[in-house]
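Subject: Handover of a structure

Dear colleague,

Please find below the structure that I am handing over to you. My account of what was found follows it.

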Amino acid sequence: MRRRIVTLTVLAAVLATTLFGLPLAIVAAQTFGDDTVADLERAADAVAVAVSKPLANGQPVPPPVVGPGDDEAEAQIQVGVYGPDGRLLAGRGPSPADEVTRRVAGTTKDMVNGSIGDDEVLAVPVLSGERLTGVVRAALPRSELNHRIALAWLAMAGCAALAVTGSWLLARWIAARLTRPLEELAAAAGRLGDGDFTVRSPRPGIPEIDKVGSALDTTAERIGETLERERAFSADASHQLRTPLTGLRLQLEAALENPGQDPRSAIEAGLGSVDRLERTIEDLLALARQSRAPRAALDLDTLLGELRQTWQPVLAGQGRELVVRTEDAPPARAAAAAIRQVLSVLVDNAVTHGSGTVTVVTRDAGDTLAIDVVDEGPDLGEADPFTLDHTQATGHGIGLRLARSLAEAEDGRLRLSKPDPPTFTLLLPAATGTDPHD
């Protein structure tokens with residue numbers, strides 16, 4: 001592209017210079033020819049005035065003197081004075097008179113000019129009344145005229161060369177200004193194709209290219225966000241699905257250890273675990289797509305029952321206990337999938353990083369539903385678990401920060417209410433009527 005821009009610009013400059021330069025060169029040659037005739041005429045007239053009286057009185061004609069002139073060409077003019085019979089009387093010139101000089105006697109013109117051999121010749125008559133007393137002939141070598149024309153053409157060619165060179169330099173600058181941003185865009189697109197979604201294209205200040213760069217940046221950002229959600233979903237699913245799978249495995253292993261018992265109860269418990277597993281998958285897919293289920297009256301009994309069925313086998317496998325207690329909890333409206341995931345994160349956090357009994361308490365906090373998740377782990381001190389998120393550092397769960405964002409999306413709050421024993425509290429506004437978000 002860069003080469004094409006430069007080539008086309010130079011060709012356009014050459015074509016424009018040629019179209020304007022050729023007529024100008026012709027006009028310049030004609031102008032110098034006219035100037036030469038004017039120089040010869042001035043020289044001949046000056047000599048004719050000087051010799052008119054001697055010729056009229058039949059006196060000897062003094063040698064003609066050509067003035068210093070305004071340029072070098074006038075200094076090279078040769079002047080001769082001829083009698084009516086064509087004989088050279090004074091000065092320099094052919095003897096006898098040439099054709100141009102002889103034509104003056106038979107014409108009424110003030111001067112006659114033409115080319116004789118290698119000279120440009122002009123002749124003027126010298127009159128006394130109506131009688132021809134002589135002829136003044138002025139001549140200039142044609143080489144001098146050609147030299148003047150050549151110098152003019154050379155100057156014009158130099159100007160043309162400068163114009164073409166300037167066009168070439170300007171074309172290179174324009175081509176570089178246009179192609180460099182495109183090359184940088186191509187490089188950015190290549191890095192984007194290699195998986196670097198942090199790449200951002202430059203802004204050269206050219207509106208059209210800036211629009212392309214902005215579109216590329218938007219694409220990179222959207223692809224990066226999509227992949228980040230996919231990675232988050234993979235990480236979330238790997239752990240969130242591990243918990244119900246672990247519970248299912250424990251149930252099946254318990255059934256195998258008691259082969260004499262009726263397997264129906266173990267199968268029903270396993271089917272319940274499979275249902276919870278399917279629900280977890282649906283919740284994670286909704287979170288990965290950044291979609292939210294509609295709010296409805298929160299069925300706390302069902303939610304806490306699912307929580308007990310999911311986590312009690314896991315804690316029992318560690319020799320620990322899960323206690324779920326309801327203390328006059330008010331009704332609330334929220335998306336069950338979001339609240340289920342928040343509680344799952346809190347209990348998982350207590351199972352993974354706490355110790356002893358895990359207690360889940362629902363209570364009335366004054367027009368607010370409060371759900372406390374407490375374990376008997378060590379004092380958290382001044383550490384902020386939402387900033388120093390150990391679950392994210394080790395790759396477990398969707399993380400306390402995301403759990404807090406899910407709670408806030410439901411107009412609630414999630415906070416560490418007590419560092420010792422570690423107590424996380426989920427606060428949801430009590431249902432007072434129609435939720436505007438429904």
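In strand β10 (residues 368-374), Val374 is the bridge partner of Thr359. Strands and helices here are DSSP runs numbered from the N terminus, strands (E) of at least two residues and helices (H or I) of at least four. The model is a predicted one, in which local features need pLDDT of at least 70, side-chain atom pairs count only at pLDDT 80 or more, and totals for chains, interfaces and linings use all residues. Residues are numbered from 1 along each chain as its sequence is written, and side-chain values use heavy atoms, with hydrogens and water left out.

Strand β9 (residues 358-364) pairs with β10 in the antiparallel sense over 6 bridges; two strands count as paired if DSSP finds at least two bridges between them. The two form a hairpin with 3 residues between them, and Gly366 in the turn has a positive phi of about 80°. On β12 (residues 422-429), β10 has another antiparallel partner, joined over 7 bridges; there, Leu426 is the bridge partner of Ile371.

The open sheet has 5 strands in the order β7-β9-β10-β12-β11, with mixed pairing. Its edge strands, each pairing on one side only, are β7 (322-327) and β11 (413-419). The pairing of β7 with β9 is parallel, over 6 bridges, and Thr326 stands opposite Thr362 in β9.

Elsewhere, two helices run alongside each other. The axes of α1 (residues 2-57) and α4 (residues 142-193) come within 8 Å and cross at roughly 165°; axes are lines fitted to C-alpha atoms, for helices over the stretch in contact, and angles run from 0 to 180 degrees between N-to-C directions. α1 and α4 are therefore roughly antiparallel to each other (angles over 145 degrees; under 35 is roughly parallel, 65 to 115 roughly perpendicular and the rest oblique).

Yours sincerely

Conventions. Buried < 20%, exposed > 50% of the residue type's maximum accessible area, 1.4 Å probe, protein only.
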